[in-house]
Structure formats: C-alpha cells, structure tokens
Amino acid sequence: MKKVLVTGAAGSVGLLVIKYLLSEGKYEITALDLKNKKVSKKLKKYRKRINIIHGDVTDSVLMEALVRDHNIIIHLASVMPPLGEFSKKIGEIVDYNGTENIIKAINYYNKDCFLIYASTTSLYDSSLSGNIKEKVNEKNLTNYSLNKYNTEVLIKKKLKNYTILRLPLVLNNIIDESFIFNIKKNLLIEVTTNVDAAYAFVKAIDYQKELNKKIFNVGLGKEGRVIYNDILKNILKYQGISFRYILSRIFLEKDYRSPVLTDSDNLEELIHYRNDSLYNYYRRLQRGGKSRRIRKFLAKPLLYLKNKE
C-alpha cells in the first residue's frame, strides 16, 4: 500500500484530497497541518482512518521523519493571500524554506518519493491569459507569486520525481475558508473549484510517468471562464456580506491574477479530473447560506449597485 503525505491537509483542497484518497481505498494517509482548534475540528472526523500529525513544514527534523516513510507527498501547505502578499519573508519561510526541507529529506532519505506541488497561475505576467510556455517575468510578481515561482525553480533544480500543478482562483466554502477577493472586478478569469483541484492532485498519483518533471495548469476550462464581478455578486446573493469581503475589496490592492488558461485542457486530457462546474459551486453556496439571513439582508444594497453596473 502506497503511503501519501498531505501537507496543509486542513485547507479546503487538503480536506477533499483526504476524502478522495480514502475513497480509493489503496493508500495509507498522513495529514500534516498546524495545531490549533480549527485544524483539529476539521480533521476530527478522519482521526480513526488516517494518521494526523500536528506540525510545520519548516521543522526540518519532522519533515525528515515523515518524508523517509512516504511514497508520495501532496504539498499544499502555503501562506495564501492576503497574508502571503503582506510580507515576502512570511511566505518565503513556509513556501520556499518549507519546501526546501522536503526536498533535502527526499534527496537524502527517499529519492524515489514523488512530490506533487501546488503552485499558482498568479505568476503569469498577463491578467488576461496564461499558459505554461509563457516566460515568467520575476519583476512583475507579487510577494505570494514570487515565492511560488522561486519554489518551482528549486524543485526543478533539485528533484528528479515531481509535478507542479498551478492553481487559479479556487472557489471554495467561503464560510470556513479564506477566499481571494483581491482581483479586479471586471476581469475575465478562469477558475477551478476545490472539488476539481483536490481530485487533480489525487489523480496525479496514478499518472506519475506522464506528469513527471512537468508543469500543468488546473482549471475548469471554458466552463470556468467568468467575469470576476459575477462571482462577487453570487457570493453576496447567497452568502451575504462579511468583514473579510469589506476589508479585501476596500483596502487590498487588486493584484491577484487568475487569467484565462489557454492550455488548461492539457491536464484534463491526461488524467480526467474535471467533475465539477460553476453551477454546482453556486448551488453549494446557496445551500450553505440559508442561515445567513442578516448578512444577506445587509448585502442587498451593495448587490443592487453591482447589478446596476
């Protein structure tokens, strides 16, 4: 039985990765994430079926112990925006230095281990379109995307068994998870959902030879191309307004890029990971927002103005 280590396991993608790995019935799973009440609550239902380790990828001793005992590492741990944009150093410690610990442990103890790394499409220079053949312009990267890019370079230089999956804006459960609001409202973007993103990481395990030493964009394709303002309107309609929404839309620079991916079908053609849709995502928002009456009421003036735009 293959042993899989999932870092950042309590995130919206990580939890679904665990769910899908369990449904396969052929993996021994270790979930790694920080120790706090929120993480413990999210992982609680899996505690009898997986190994749960509370720790940090920046702990080199811990990573050595974990890496030497696993065949596959799905590396999702990251400092996401907006926190990842505030300080280059914060993201560098987790994204770059944490990944460096994993790489060192692989090369020293477990050279056949396969790393599946979560990167971002925000590193593409254009806000309008992107593909893996596009040369990355480091001068135009934000703190978050620069740390992701530098980590990609490190992986490609130091490892022989890896694949890099670049994620666009991931549509998730905004009640329990952070959501990226700092995107220009009138941009046509391409998105994915946490459902499809998680399944892509799990499916990648069965296609190591085809994916090895390659980078792929993960997107919904034509189905997932939408004006960002339409996403905001549906969030306000079904979930209502939140402090996080107000803070992000008013005070944060709208510098996150989730461009239309001209090659997002490439990965789908190889591993067939797409099962979700924007329609299904909005239905989940609607079901999850039934108890948020006050927030939805407060959002009505803003939603009215957005519909008039």
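Let's start where two helices meet: H3 passes H5 in a right-handed crossing. Keep in mind that this is a predicted model.

H3 covers residues 60–67 and H5 covers residues 88–109; the two pack at an angle of about 45°, with their axes 9 Å apart. H3 and H5 are therefore oblique to each other. Which residues of H3 and H5 meet? On the H3 side they are Ser60, Met63, Glu64 and Val67, and on the H5 side Asn101, Ile102, Ala105, Ile106 and Tyr109. Sorted by class, this contact has six nonpolar, two polar and one charged residues.

Now move along to helix H6, summarised here.

| Feature of H6 | Value |
|---|---|
| Residue range | 143–158 |
| Number of residues | 16 residues |
| First to last C-alpha | 23 Å |

Finally, visit asparagine 172, in the loop between strand S8 (169–171) and strand S9 (188–193). Is asparagine 172 buried or exposed? Asparagine 172 counts as buried because its relative accessibility is 7%, and buried means under 20%. Leaving aside neighbours within four places in sequence, asparagine 172 is in contact with residues including Ser12, Phe179, Asn194 and Tyr281. Its C-alpha atom is separated by 9.2 Å from that of threonine 192, 20 residues apart along the chain.

Note on methods: Residues numbered from 1 in each chain as written. Predicted model: local features only at pLDDT ≥ 70, side-chain atom pairs only at ≥ 80, totals over all residues. Heavy atoms only, no water. Axes fitted to C-alpha atoms, helices over the stretch in contact; angles between N-to-C directions. Helix = DSSP H or I, 4+ residues; strand = E, 2+ residues; numbered from the N terminus. Parallel < 35°, antiparallel > 145°, perpendicular 65-115°, else oblique. Left-handed = near helix turned anticlockwise from the far one by under 90°. Contact = heavy atoms within 4.5 Å. Nonpolar A, V, L, I, M, F, W, Y, C, P; charged D, E, K, R; others polar. Expected span 1.5 Å × (residues − 1). Buried < 20%, exposed > 50% of the residue type's maximum accessible area, 1.4 Å probe, protein only.
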